[in-house]
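Hello,

Here is the structure I promised to pass on to you. Please have it open while you read, and my notes on it follow below.

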Amino acid sequence: MQIDTKSRTAIEDVINRRAAIASMQEQLKEDVKAIAEYLDIKPAKLNKIISLVEKERESGDVVEEERDTLDTAADLAGSGESKQDGDD
C-alpha cells in the first residue's frame, strides 16, 4: 500500500492526538489521586462522585435516583429508617 503525503500527515496527526489524550488521561488520574488523598477518600470513590456529577449535569435526576436506590437498599438491609418510616 502506498501512502501519499496527505494521508501520512493525517495518520501522524491521529497518532499525535492519541498520545496527547493518553497524557491527559494520565494527568487526570494523578489529579484524582491527589484530590482523593486530600479529601482522605479512595480515588475510586472520588471517581464515582465525579461520574454522578457528570451524569446529573447531562440528564438530571441521577443523584435523586441514586439516593432512592440507596434508601431502598438500606431499607432491605435493615440498616436504617426509610423516609416513609420517618414520615409516619
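Predicted model: local features only at pLDDT ≥ 70, side-chain atom pairs only at ≥ 80, totals over all residues.

**Notes on the helices**

Helix H3 has 16 residues and reaches 22 Å from its first C-alpha to its last, close to the 22 Å expected at 1.5 Å a residue.

Read from the N terminus on, the elements run α-α-α-α. Of the 88 residues in the chain, 7% are buried.

H2 has 17 residues, and its first and last C-alpha atoms span 24 Å, close to the 24 Å expected at 1.5 Å a residue. The residue that follows H2 is Gly60, whose phi is positive, near 75°.

**How the helices meet**

Let us start with H1 and H2. H1 covers residues 5-39 and H2 covers residues 43-59; their axes come within 8 Å and cross at roughly 105°. That angle makes H1 roughly perpendicular to H2. Which residues make the contact? On the H1 side they are Val32, Lys33, Ile35 and Ala36, and on the H2 side Pro43, Leu46, Asn47 and Ile50. Sorted by class, the residues of this contact divide into six nonpolar, one polar and one charged.

Lys29 and Asn47 are 18 residues apart in sequence, and their C-alpha atoms are 9.5 Å apart in space. Lys29 belongs to helix H1, and with a relative accessible area of 55% Lys29 is exposed.

Now for H2 and H3. H3 runs over residues 62-77, and H2 and H3 pack at an angle of about 125°, with their axes 8 Å apart. The two helices are therefore oblique to each other. H2 brings Lys48, Leu52, Lys55, Glu56 and Ser59 to the contact, while H3 brings Val62, Val63 and Glu66. What classes do the residues of this contact fall into? The contact of H2 with H3 has three nonpolar, one polar and four charged residues.

**The salt bridges**

How many salt bridges does a search of the whole structure find? The search finds two.

One of them joins Arg17 and Asp13, whose closest N and O atoms are 3.1 Å apart. These two residues are four residues apart in helix H1, so about one helical turn separates them. Arg17 counts as partly exposed, at 47% relative accessibility, and Asp13 counts as partly exposed too, at 37%.

Another is formed by the side chains of Arg67 and Glu64, at 3.0 Å from N to O. Both residues lie in helix H3, three residues apart, about one turn of the helix. Arg67 is partly exposed at 39% relative accessibility. Glu64 is partly exposed as well, with a relative accessible area of 36%.

Most residues other than glycine have a negative phi.

Asp40 is not a glycine, and yet it has a positive phi of about 60°. Where does Asp40 lie? Asp40 sits in the loop between H1 and H2. Is Asp40 buried or exposed? At 70% relative accessibility, Asp40 counts as exposed.

Asp61 is likewise a residue other than glycine with a positive phi, in this case near 65°. The place of Asp61 is the loop between H2 and H3, and at 53% relative accessibility Asp61 counts as exposed.

Then go on to Asp61 in the loop between H2 and H3, and finish with the salt bridge of Arg67 and Glu64.

Enjoy exploring, and do write back with any questions.

Notes
Residues numbered from 1 in each chain as written. Heavy atoms only, no water. Axes fitted to C-alpha atoms, helices over the stretch in contact; angles between N-to-C directions. Parallel < 35°, antiparallel > 145°, perpendicular 65-115°, else oblique. Contact = heavy atoms within 4.5 Å. Nonpolar A, V, L, I, M, F, W, Y, C, P; charged D, E, K, R; others polar. Salt bridge = Lys/Arg side-chain N within 4 Å of Asp/Glu carboxyl O. Buried < 20%, exposed > 50% of the residue type's maximum accessible area, 1.4 Å probe, protein only. Expected span 1.5 Å × (residues − 1).
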